[in-house]
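Please have the model open while going through this note.

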Protein chains: 2
Amino acid sequence: MKKTALIMAGGRGERFWPKSRKNLPKQFLSLTDDGKTMIQLTVERILPLVAMEDIYIATNRDYKRLVREQLPDLPEENILCEPVGRNTAPCIGLGAVHMAKRYGDAVMIVLPSDHLIKYNSIFLSAVSDACAVAEQGANLVTLGITPDAPETGYGYIKFDPGRTSGRALAVERFVEKPDLETAKEYLASEQYLWNSGMFIWKVSSILGNLEKYLPDTYAGLARIQQAIGTPAQEEVLEREFQGFQSVSIDYGVMEKAEDIYILSGSFGWDDVGSWLAIERHRTSNEFGNVLSGDIVAIDTTDCIIQGEGKLIATVGLEDLIVVDSPDATLICKKDRAGDIKKVLENLRMCNREEYL
Amino acid sequence: MKKTALIMAGGRGERFWPKSRKNLPKQFLSLTDDGKTMIQLTVERILPLVAMEDIYIATNRDYKRLVREQLPDLPEENILCEPVGRNTAPCIGLGAVHMAKRYGDAVMIVLPSDHLIKYNSIFLSAVSDACAVAEQGANLVTLGITPDAPETGYGYIKFDPGRTSGRALAVERFVEKPDLETAKEYLASEQYLWNSGMFIWKVSSILGNLEKYLPDTYAGLARIQQAIGTPAQEEVLEREFQGFQSVSIDYGVMEKAEDIYILSGSFGWDDVGSWLAIERHRTSNEFGNVLSGDIVAIDTTDCIIQGEGKLIATVGLEDLIVVDSPDATLICKKDRAGDIKKVLENLRMCNREEYL
């Protein structure tokens, strides 16, 4: 069966401020040594399995220009623009109806555009196995990450080691982000994987699940599908999306559906959740600094410094994140990276939209 | 006797980098809440004692434009431009010969242009007393600062409490910057004052001392004096300055001369030796931060942050100095302010003159 991919690129993350902005979110930034942006890496990674013409990008209208600039080889009609963000269920549904219209049925690989994966071949092998499981009739398939810490920032998936389908394990249940105690129990039990947000299923299968668990959304998606290629396409898309409830595929479908399988693999997954991730993906110098741009660092250790044009000189610093941008400079203690959002709250409160 | 002032403004300090540059040294910066530059404050401070037309500025040619901009009321002919910097003895000598030519004799108050004084009226009272002592025939008079710490960065002056002239004490000797142990002894002895670099003497008297202790310099100065107002003035100035040895007034004259008196006063003197001085002269907020410019400071305490146009956002910082400038940003741990010069060494080594 034809393999397709839907790459979700509508996110508006704040955690890479001041480089990431409303008009330039994380998936369009380059955070690795190779200079490629996150979305470019995501497309490149899946190309051995899915032809460029079968890759779809779901994004916000505002980012269409960025997608075209960063992915010039992608057919323009494969860029699906959501009129408004309604979380992942409508987004995935939009991809599914376009694929249903074009291919009838297909295996659909759903990928976030802002994660990094270290070992592409291991990843591709897991995706390939997942495709086989989906094609052989499993309802829904997902990729899970073996936890190495009691993370409270991720959802978890409990699997049943007794039920398998090839390399895939049956999913017992999806659980939301746990508190630390619960996360520690999950980690110790060795029966939980992190929810990676990557899914593999047949187009027909996900549409069936949407019909069952989110019937209103499904009805709207069906109207969108009917309008594809007609003069009413844009108008219908606009109207239906405005009416959709905002719901994640996890909450709307995965937590309710049955016959779900999960594949895990040690492919070096990283959701690149903050500036700290830079240290895992860029080369540090002998003093533990990750530097880019024009930096003079005197007695400076274990810092992340991202210049941009202007010279940055540091003396006697440790464990700091310094990020320059054309109109704003961030200086943040490493263990406070999670509080960069407080800067944005302050800016929002002061109506300083130009910095968001 | 007429009172005149010579304000020395030829320095090229590095300690306020990146705001201070070769083409904009510290004396032309504003480091206080009132927005006035150091040299403007120096002139303003002495005006109750010396008329503007009797104030001379000795500076480098490169800074003549800055002096005129910042002191528009000062007669242009009172700006004395040294062709090259030869330390304070030739600089003071140049002022003295101009004053000798114009006034015959006068009381000459010599002031650095890059110090701050908190209590102007106490200062003026000390200077006024010093003028009287000089006029009454003391060879040389200087202002001393009562030490409140064993500073190793200043020269010291030992006085003889047994010999006085009015409020002035006789100087026993000038001593160079001591090591910490010696500085502690000086402090404990209560017989030493810091050398402030401020002097009061008759023009005839300093010229007599220059003739005695630096006869070659004096001979050159005499030729400069003869040429003042003639077509050869610039040419003679250029030639003589090139030939002068570089020597400080302390080393060249004060350490050798006799009949020196010193006046001390609690006028809140500060040589503004580094960015840390900012905390003594600007208002801190409730978190101990001295902020200027466009700053969003989250959980930031005891920091000095000087913005310039661009937004600076900080999260979780303490005890840092952050200074932005159009082409360079400095981030320095407070207790490492003395090592800002290492940044400049690095820039010099890399031939990055544009940043110096």
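**Note on the two-chain model**

1. Start with a sheet in chain B. Strand E6 (residues 140-145) of chain B is joined to E9(B) by four bridges, and the two run antiparallel. Strands here are DSSP runs of E with at least two residues, helices are runs of H or I with at least four, and both are numbered from the N terminus. Pairing requires at least two DSSP bridges between two strands. Across this pair, Ile145(B) stands opposite Trp194(B).

2. Provenance. This is a predicted model, in which local features need pLDDT of at least 70, side-chain atom pairs count only at pLDDT 80 or more, and totals for chains, interfaces and linings use all residues. Residues are numbered from 1 along each chain as its sequence is written, while chains are lettered from A and ligands numbered from 1 in the order in which they are written.

3. More on E9(B). Strand E4 (residues 107-112) of chain B pairs with E9(B) in the antiparallel sense over four bridges. There, Val107(B) has Lys202(B) as its bridge partner. Strand E7 (residues 156-165) of chain B is also antiparallel to E9(B), with three bridges. Tyr156(B) is bridged to Trp194(B) in E9(B).

4. Is E9(B) buried or exposed? In strand E9 (residues 192-202) of chain B, 11 of the 11 residues are buried, so the strand is largely enclosed by the rest of the structure. Buried means 20 or more other C-beta atoms within 10 Å of the residue's own; exposed means 12 or fewer, and partly exposed lies in between, with C-beta atoms placed from the backbone.

5. Overall fold of chain A. The chain has 11 helices and 17 strands. Its radius of gyration is 21 Å, which agrees with the value near 21 Å for a compact globule of 356 residues. That radius is taken over C-alpha atoms, and the globule rule is 2.2 Å times the number of residues to the power 0.38. Buried residues account for 48% of the 356 in chain A.

6. Domains of chain A. The assignment, automatic or from a database, gives domain 1 (3-270) and domain 2 (277-355). Their C-alpha centres lie 30 Å apart. Contact means C-beta atoms, placed from the backbone, within 7 Å.

7. Ile224(A) sits in helix H7 (residues 215-227) of chain A. It counts as buried, with 22 C-beta neighbours inside 10 Å. Leaving out residues up to four places away in sequence, Ile224(A) touches Leu94(A), Val97(A), Val236(A), Leu237(A) and Glu240(A). Its C-alpha atom is separated by 59 Å from that of Ile298(A), 74 residues apart along the chain.

8. The A-B interface. Here 27 residues of chain B are in contact with 27 of chain A. E17(B) gives the most to the chain B side, six residues. Strand E15 (residues 311-315) of chain A runs parallel to E17(B), joined by five bridges. Ile312(A) stands opposite Thr329(B) in that pair.

9. The same surface serves both: 100% of the contact residues of chain B recur in chain A.

Key. Two residues are in contact if their C-beta atoms, placed from the backbone, lie within 7 Å.
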